[in-house]
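Reader: I'm new to this one and I'd like to know how the labels get decided. Could you show me the structure and then take my questions?

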Amino acid sequence: MALKRQYDMTALFSMASMTDIIFLLLIFFMVTSTLVFPTALEVNLPQSTEQTAIRPAARLYVMADSTMLGQIGDADPQLLTLATLDQFIAAAGESLPEGQPCSIAIYADETVPYGRIVPVLDRGAKSAVKMVLATKAPGATANTTDIADESTQPAQ
């Protein structure tokens, strides 16, 4: 006696349950992605290709070994620490005529981590001074390592 199947098997596959799962996963990822808040510093990037006509009142050089040199105008650079940085910022503001905003250009070596520059930027923000991160050394002092060597040598 031969047993027969009561129903025939079809090669069709129902996609209704698969689309439900896909929509549930889509909703899950959309909801969880809005809960993730990145912890990063907000950096204001330049919006123009033109250079500014305002000349910075002072320059601050951060060397590869994290030593800092400050230069107000065309004076000789002086060695700075975080303790003397506030005095340098105040002196840069006093060197300008009344009513002119103070800005300090920061020239950092490319090997200096950004975390070492943040305290300098914080000190400038507390003193209401515009701190500008410069990407290229000015033409007069193109090689900042020469400045570091001159400032660390004893005066004769």
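Reader: What makes E1 and strand E2 (residues 68–72) a pair?

Author: Two strands pair if DSSP finds at least two bridges between them. Five bridges join E1 to E2, running antiparallel, so they count as paired. Within that pairing, Tyr-61 stands opposite Leu-69 in E2. By the way, this is a predicted model, where local features need pLDDT of at least 70 and side-chain atom pairs count only at pLDDT 80 or more, while totals for chains, interfaces and linings use all residues. Residues are numbered from 1 along each chain as its sequence is written, and side-chain values use heavy atoms, leaving out hydrogens and water.

Reader: What joins E1 to E4, and in which sense do they pair?

Author: Five bridges again, but in the parallel sense. Here Leu-60 stands opposite Ile-106 in E4.

Reader: Why is E1 called mostly covered?

Author: Buried means under 20% relative accessible area, exposed over 50%, and partly exposed in between (1.4 Å probe, protein chains only). Five of E1's five residues are buried. Ala-58, Leu-60 and Val-62 point one way, Arg-59 and Tyr-61 the other way. In a regular strand the side chains alternate between the two faces of the sheet.

Reader: What makes a set of residues a nonpolar core?

Author: The members are buried Ala, Val, Leu, Ile, Met, Phe, Trp, Tyr and Cys residues, joined through side-chain atoms within 4.5 Å. The largest such core here has 20 residues, and Leu-60 and Ile-104 touch the most other members. Strand E1 (58–62), helix H2 (82–94), strand E4 (103–108) and helix H3 (114–126) each supply at least two residues. H2 gives the largest share, four residues. (Helices are DSSP runs of H or I, at least four residues, and strands are runs of E, at least two, numbered from the N terminus.)

Reader: How do you know that Asp-86 and Arg-123 form a salt bridge?

Author: The term asks for a side-chain nitrogen of Lys or Arg within 4 Å of a carboxyl oxygen of Asp or Glu. Their closest N and O atoms are 3.3 Å apart, so the pair qualifies. The structure holds one salt bridge, and this one links helix H2 to helix H3, 37 residues apart.

Reader: Is Asp-86 buried, exposed or partly exposed?

Author: Asp-86 has a relative accessible area of 36%, so it is partly exposed. Arg-123, at 26%, counts as partly exposed too.
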